[in-house]
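Subject: Structure handover

Hello,

Here is the structure I said I would pass on. My notes on what was found in it follow below.

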Amino acid sequence: MILDKFSLKGKVAIVTGSNTGLGQGISKAYVEAGAKVVGVSRRPSDETAAICGSNFYNVIADLSDNSAIPAIIEKTLEKFGNIDILVNNAGVIKRQDSLEFSEENWDSVLNVNLKTVFFLTQAVAKQFIKQGTGGKIINIASMLSYQGGIRVPSYTASKSAIKGLTMTLSNEWAKYGINVNAIAPGYMATNNTEQLRQDGERGADILARIPAGRWGTPGDLQGAAVFLASEAADYVNGFTLAVDGGWLGR
């Protein structure tokens with residue numbers, strides 16, 4: 001049956017940035033689809049754990065430093081025995097005029113949004129190959145994987161790079177049965193966009209351009225996240241799927 005191909009029953013997923021927003025929504029969707037989820041977050045994911053129940057396990061890690069990666073892999077294997085899915089969701093954003101943009105703001109964003117993403121993905125891919133069963137890697141890109149944005153040079157650079165990295169890793173790893181894809185959320189009502197939503201003029205301008213007529217929610221990403229993690233997406237490689245209420249179509 002076709003719906004069986006969308007099931008994640010028996011799968012183990014790592015979802016970074018699981019304590020709020022998109023990471024919380026994806027974790028919930030995966031548990032509902034039958035998976036066990038290891039949520040990685042800098043602060044405890046207590047709310048997500050309450051939502052997801054016993055099939056959710058929280059690992060506390062600071063993803064600004066990739067020295068945390070071995071412990072994430074080890075704790076996941078100790079708890080659930082294998083890894084089948086990785087969602088690179090955790091990310092940070094710094095807003096500052098590009099003429100004044102600091103090196104600290106540049107490095108802090110690139111470390112979390114790109115450097116750690118690559119090395120965590122590399123570590124998980126090695127585990128997939130060791131297991132011999134393939135796997136699914138889903139990177140969270142952005143509208144700024146396609147556009148320039150304003151006052152967010154490091155974020156735009158990191159998310160443009162995520163789109164390119166998704167393609168190059170899919171080229172190298174498809175032969176191992178590893179699917180690497182990405183989701184580019186539109187303007188979502190999350191912590192990262194709170195400043196924009198509180199800016200009356202800018203927030204109104206953004207909303208006016210969204211054909212769907214509303215900001216997105218974490219629930220809007222759940223279907224795409226389950227699809228790309230499932231058997232139904234076995235022949236989808238290197239693609240960035242926009243979930244944006246029609247933003248890019250304008």
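Setting aside neighbours within four places in sequence, Ile 26 is in contact with Val 15, Val 87, Ile 140, Leu 221 and Ala 225. Please keep in mind that this is a predicted model.

Ile 26 belongs to the largest nonpolar core, which has 27 residues. Along with Tyr 30, Val 87 and Ile 183, Ile 26 is among the residues with the most contacts inside that core. Two or more residues each come from strand 1 (12-16), helix 1 (21-32), strand 4 (85-88), strand 5 (135-140) and helix 8 (218-229). Which of these elements gives the most to the core? Helix 8 does, with six residues. Another core lies apart from this one and has 25 residues, including Ile 14, Ala 90, Val 124 and Ile 178. As background, nonpolar side chains in soluble globular proteins tend to be buried together.

Next, the chain as a whole. Its secondary structure comes to eight helices and seven strands. The radius of gyration is 17 Å, close to the 18 Å that the globule rule gives for 250 residues, so the chain is as compact as a globular protein of that length. Along the principal axes, the C-alpha atoms fill a box of roughly 50 × 40 × 40 Å. Of the 250 residues, 48% are buried. Among contacts with a separation of 6 or more, 69% are between residues 24 or more positions apart.

As for the surface, the protein chain exposes about 11600 Å², and carbon and sulfur atoms supply 51% of that area. The side chains include 24 positive and 23 negative ones, and the centres of the two sets are 5 Å apart.

Some individual residues are also worth a look.

Thr 166 sits in helix 5 (residues 153-173). Is Thr 166 buried or exposed? Its relative accessibility is 0%, so Thr 166 counts as buried. Apart from neighbours within four places in sequence, Thr 166 is in contact with Asn 139, Val 180, Asn 181, Ala 182, Gly 238 and Phe 239.

Asn 89 is found in the loop between strand 4 and helix 4 (103-131). Although in a loop, Asn 89 is buried, with a relative accessible area of 12%. Not counting residues up to four places away in sequence, Asn 89 touches Thr 16, Gly 17, Leu 22, Gly 23 and Ile 140. Ile 140 is also one of the residues in contact with Ile 26.

Ser 54 is placed in the loop between helix 2 (46-52) and strand 3 (56-60). Ser 54 counts as exposed because its relative accessibility is 68%, and the cut-off for exposed is over 50%. The C-alpha atoms of Ser 54 and Ala 232 are separated by 26 Å, and the two residues are 178 positions apart along the chain.

Arg 151 lies in the loop between strand 5 and helix 5. What is the phi of Arg 151 near? The value is near 65°, which is positive in a residue other than glycine. At 35% relative accessibility, Arg 151 counts as partly exposed.

Regards

Note on methods
Residues are numbered from 1 along each chain as its sequence is written. This is a predicted model: local features need pLDDT of at least 70, side-chain atom pairs count only at pLDDT 80 or more; totals for chains, interfaces and linings use all residues. Side-chain values use heavy atoms; hydrogens and water are left out. Helices (H or I, at least four residues) and strands (E, at least two) are DSSP runs, numbered from the N terminus. Buried means under 20% relative accessible area, exposed over 50%, partly exposed in between (1.4 Å probe, protein chains only). Contact means heavy atoms within 4.5 Å. A nonpolar core is a set of buried Ala, Val, Leu, Ile, Met, Phe, Trp, Tyr and Cys residues joined through side-chain atoms within 4.5 Å. The radius of gyration is taken over C-alpha atoms; the globule rule is 2.2 Å times the number of residues to the power 0.38. Accessible areas come from the Shrake-Rupley method with a 1.4 Å probe; for residues, only the protein chains shown count as cover. Lys and Arg count as positive and Asp and Glu as negative; His and the chain ends are not counted. The place of a charge is taken as NZ of Lys, CZ of Arg, CG of Asp or CD of Glu.
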